[in-house]
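Here's a quick briefing to read alongside the coordinates.

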Amino acid sequence: MSAEVSADVEFMARALTLARRGFYTTDPNPRVGCVLVKDGEIVGEGWHERAGEPHAEVNALTQAGDKARGATAYVTLEPCCHTGRTPPCTDALIAAGVSRVVAAMQDPNPLVAGQGLNALAGAGIQAENGLLRPQAEVINPGFISRMRDKRPYVRVKLAVSIDGKTAMANGESKWITGEAARADVQRLRARSSAILTGSGTVLSDDPSLNVRDMDIGRQPMRVIVDANLSTPETARMLQLDGITLIATATEEPDLSEMLVNAGAEIILLPAGPNKVDLPALMQHLAAREVNEILVEAGSTLCGSLLESELVDELVIYMAPHIMGHDARGMFRLPALDSMADRISLKITDVRAVGDDWRITTVPKYNAE
C-alpha cells in the first residue's frame, strides 16, 4: 500500500469514527462524517448530528474556514446535490474551493445516486468513490434498505435461555437476561426509528418500549401489529410521548375512535396470510422515513416476519438458564418436514454481555 493510499484510508477511517457520533440522533437522515485535510494535516472535522441541522461537510467546512481551499474532503457518504431539509453540500464544497472529494460510498437516495459526485467533477474537483465502502455501509443499514429496497431494515431482538426459551409456559419472562444485556437493548432501541411488537405482547406484558437512561432527543415510533384492535385504551405505550401506531386489518370505527382518543394512530392495512399484511406495513413505514426497526415481540409475530423473509438480522441474548420443555419458544412457524427445510443463519458476531451471550445472525436469504 502506497503512502498516499495509506493516508487516504487513515483519514476515511477517522471520518467513519465521526459518523458514529451521530449514531442515535440523525434519524431519519444517514449517519455521516467528514474530514478535511490539507498538506497532510486535518484542518476541519464534522459529523451530521440531527435532521434539519447542518450536514457533516458543512460542519467540517465551518471549522476549517479559509483552510478548506485546496483541501481534500473525506466523507463517508456521497455529498448531497439537492435541497432537502438543508441546502446541497456539493454547493458548499465547491464554494469553499476544495480540490478533491473522496466518498466512501455512493448515496443510495435516487435524488443523489452519483449526481453529487458528477456535480463536483463538473466543477473541476477530483471526485472519487468507494474507499472503505463496506465499513460505511455497516453504519447505515436502514437508510440503505429504505432507499434501495423501499423497506426498513428489520432487526429482531430475543432474550432466551440456553435451551432457547423466551418465557415460562404461563408467560412469565422477567428477567431472563441480566442488567448488562438489558442496557445493551436500550442501545438497540436508541439507534432504531421504530420499535415493533404484537398485540399479544401488549396484552400480556404491557411494555413501554421506549428509550430509557439515554438522552437522544427523541423517542422511536412504537408500532403494534394488532389485527383485531385488541389493544386496550389503558396500554402503557399510549400514555407516553411520541407516536404509537397501531397497524390493523379490522375496520371497527368504535374501537378505532377509542384508541385514537387514548393517543394512538391507526392505519388500516390489507389482511395478508398473517392477518396484517406485513410487507404492506413495511412499505408504509418506509414511506414515513423509518430506517431501522427493532422487533420486540412474541413467537407469532417473530415467526411471521421470518417466514415472510422480512428479517434482516437476529440479535439473540442467551442467558445461562434452562427453562424446560413447556416454556415458550422463539418462533411459531409451520412444521418443517425435513432437514432441508431448515432456515439457515449466518453468525456474524458472538460476544459476552455481562453474564449472557449476544449472538448476532443474518438469515441465509440476506447473507449473500
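Helix H7 covers residues 179-191, which is 13 residues. In this predicted model, H7 runs 19 Å from its first C-alpha to its last, close to the 18 Å you'd expect at 1.5 Å a residue.

**Burial along H7**
- The buried residues of H7 are Ala181, Asp184, Val185, Gln186, Leu188, Arg189, Ala190 and Arg191.
- So that buried list takes in Asp184, Arg189 and Arg191 along with residues such as Val185 and Leu188, where buried means under 20% relative accessible area.

**How H2 and H3 pack**
- Two packed helices get described by the angle between their axes and the distance between those axes.
- For H2 (residues 56-64) and H3 (residues 89-96), the angle is about 25° and the axes sit 9 Å apart.
- Because angles under 35 degrees count as roughly parallel, H2 is roughly parallel to H3.
- As for handedness, H2 and H3 make a left-handed crossing.
- On the H2 side, Glu57, Val58 and Leu61 make the contact, while H3 brings Cys89, Ala92, Leu93 and Ala96.
- Sorted by class, the contact of H2 with H3 has six nonpolar residues, one charged and no polar ones.

**Glutamate 252**
- You'll find glutamate 252 in the loop between strand E9 (244-248) and helix H9 (253-261).
- Its relative accessibility is 38%, so glutamate 252 counts as partly exposed, a class that lies between under 20% for buried and over 50% for exposed.
- Glutamate 252 and leucine 268 are 16 residues apart along the chain, and their C-alpha atoms are separated by 9.9 Å.

Technical notes:
Residues are numbered from 1 along each chain as its sequence is written. This is a predicted model: local features need pLDDT of at least 70, side-chain atom pairs count only at pLDDT 80 or more; totals for chains, interfaces and linings use all residues. Side-chain values use heavy atoms; hydrogens and water are left out. Axes are lines fitted to C-alpha atoms, for helices over the stretch in contact, and angles run from 0 to 180 degrees between N-to-C directions. Helices (H or I, at least four residues) and strands (E, at least two) are DSSP runs, numbered from the N terminus. Angles under 35 degrees count as roughly parallel, over 145 as roughly antiparallel, 65 to 115 as roughly perpendicular and the rest as oblique. A crossing is left-handed if the near helix is turned anticlockwise from the far one by less than a right angle, and right-handed if clockwise. Contact means heavy atoms within 4.5 Å. Ala, Val, Leu, Ile, Met, Phe, Trp, Tyr, Cys and Pro count as nonpolar, Asp, Glu, Lys and Arg as charged, and the others, Gly among them, as polar. Buried means under 20% relative accessible area, exposed over 50%, partly exposed in between (1.4 Å probe, protein chains only). The expected span of a helix is 1.5 Å times one less than its number of residues.
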